[in-house]
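Welcome! Here is a friendly tour of a protein chain, taken one feature at a time. Have a look at the picture first, and then read on.

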Amino acid sequence: MSQNPKASPNLPWIPRLLMTFLAFLVDLTRRPNITVNRRLFNLFDFKAPASKKPNNGVATSDIKVDPSRNLWFRLYTPETHGGGGGACMPVVLYFHGGGFCYLAANSFSFDRYCRRLARELRAVIVSVNYRLAPEHRHPCQREDGVDVLNFIDETNIENLPAYANLKQCFIAGDSAGGNLAHQVTLGAIEKKFRKLKIVGLIAIQPLLGGEERTESEIRLQKSTLMPMHRTDWMWKAFLPQGSNRDHPATNIFGPNSVDISGLNFPATMVVVGGFDPLQDWQRRYYDGLKKSGKEAYLIEYPNCGHSFYVHTQIPESSLLIEEMKNFIGLQSAYQ
């Protein structure tokens, strides 16, 4: 475990500026009464439109699942090249970060990131626009994710390409989305899908926690994005009212956790950053998977803080995509 006394890594100026501004905007719009000033936040949450014409090798389209709750997803389909290169591509169901309370599938940063994933992983990406807390608390987000899986399994989606292999379906997410990736997988593994098979889970710096204060939370409490005072507020906004941080949606292998040892839980890749205050919880998540008899891989980047993966200026963001590509290739080969 790193004992580096610094609260944040050395960053290029663009990622540092963007992270600092996002932290400022979140603190400006989250209220003490656990509500969000959505109008103010949305002024600065720039959205990227869908583009059926390929942009940098990837076409996108927005698919409605349930308009009554604004449940939809953005579909990212990489261009195929001659010689049958698009004969078979895995499908990645992706959940964006944002502390359960912020951002969307079409937020500029996540649109750019999912476009990059589709292009470099050679995968069809399904980025879920789930409902946000505190207006919609847990388990609404998990229900949205499972419902998107059911929709994909039961619906002939016009823009879903023939080369999308639903038998090689991965569930992934970053930060709060990494937590949701676990929750949705847990809610879906006992379902009998007709066309779809979940073969892997990728949790990128998942937002996890508990009543205990860990060493990394205390040591890195001055971090830019995820200090304790901010994550405490997010848990109050996300969890059912009256719950504490040992709720099983927060402390996945804590005192109130769900025993997954008897479940057909897929292989899981857990990504940790050495400057992320949540790293102790993320390692416990990995340890809990291993103790439950599950296949799990721990990928660590000692010099990275929270959300490094969305910034192309940070070299480890490219290294992570290579790790994801290797994990997807390994699990797909088993099918």
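Is Leu-28 buried, partly exposed or exposed? With a relative accessible area of 46%, Leu-28 is partly exposed, because that class covers values between 20% and 50%. You will find Leu-28 in helix H1. Please keep in mind throughout that this is a predicted model.

Along the chain, Arg-38 and Tyr-102 are 64 residues apart, and the distance between their C-alpha atoms is 8.7 Å.

Next, look for helix H3 (residues 108–121) and helix H9 (residues 315–333). Their axes come within 10 Å of each other and cross at roughly 50°. That angle makes H3 oblique to H9. The crossing of H3 past H9 is right-handed.

## Salt bridges across the chain

How many salt bridges does the count come to? The count comes to 21 salt bridges. One of them pairs Arg-131 with Glu-143, whose closest N and O atoms are 3.9 Å apart. Arg-131 sits in the loop between strand S4 (124–129) and helix H4 (140–154), while Glu-143 is in helix H4, so the pair ties together parts that are twelve residues apart in sequence. Arg-131 counts as buried at 15% relative accessibility, whereas Glu-143 counts as partly exposed at 40%.

Another salt bridge joins Arg-284 and Glu-212, with 2.9 Å between the closest N and O atoms. Here the pair links distant parts of the chain, 72 residues apart: Arg-284 is in helix H8 (residues 279–291), and Glu-212 is in the loop between strand S6 (198–204) and helix H6 (215–219). Arg-284 is partly exposed, with 35% relative accessibility. Glu-212 is partly exposed too, with a relative accessible area of 41%.

The side chains of Arg-283 and Asp-280 meet at 3.6 Å, N to O. These two residues are three apart in helix H8, so they are separated by about one helical turn. Arg-283 counts as buried at 17% relative accessibility, and Asp-280 counts as buried at 8%.

Some salt bridges share partners and form one network, which joins Asp-66, Arg-69, Arg-131, Glu-143, Asp-144 and Asp-147.

## Two cis bonds in one loop

Now return to the loop between S4 and H4, which is where Pro-134 is found. What kind of peptide bond joins Ala-133 and Pro-134? The bond is cis, with omega about 0°.

Pro-139 is placed in the loop between S4 and H4 as well. The peptide bond leading from His-138 to Pro-139 is cis, and its omega is near 15°. These bonds deserve a second glance because most peptide bonds are trans.

## Two residues with a positive phi

The backbone has another feature to look for. Most residues other than glycine have a negative phi. Asn-56 is not a glycine, yet it has a positive phi of about 55°. Asn-56 lies in the loop between H2 and strand S1 (58–66). At 51% relative accessibility, Asn-56 counts as exposed, because exposed means over 50%.

Ser-307 has a positive phi as well, of about 80°, and it is not a glycine either. Its place is the loop between strand S8 (296–301) and H9. Is Ser-307 buried or exposed? With 11% relative accessibility, Ser-307 counts as buried, since buried means under 20%.

Note on methods
Residues numbered from 1 in each chain as written. Predicted model: local features only at pLDDT ≥ 70, side-chain atom pairs only at ≥ 80, totals over all residues. Heavy atoms only, no water. Helix = DSSP H or I, 4+ residues; strand = E, 2+ residues; numbered from the N terminus. Buried < 20%, exposed > 50% of the residue type's maximum accessible area, 1.4 Å probe, protein only. Axes fitted to C-alpha atoms, helices over the stretch in contact; angles between N-to-C directions. Parallel < 35°, antiparallel > 145°, perpendicular 65-115°, else oblique. Left-handed = near helix turned anticlockwise from the far one by under 90°. Salt bridge = Lys/Arg side-chain N within 4 Å of Asp/Glu carboxyl O.
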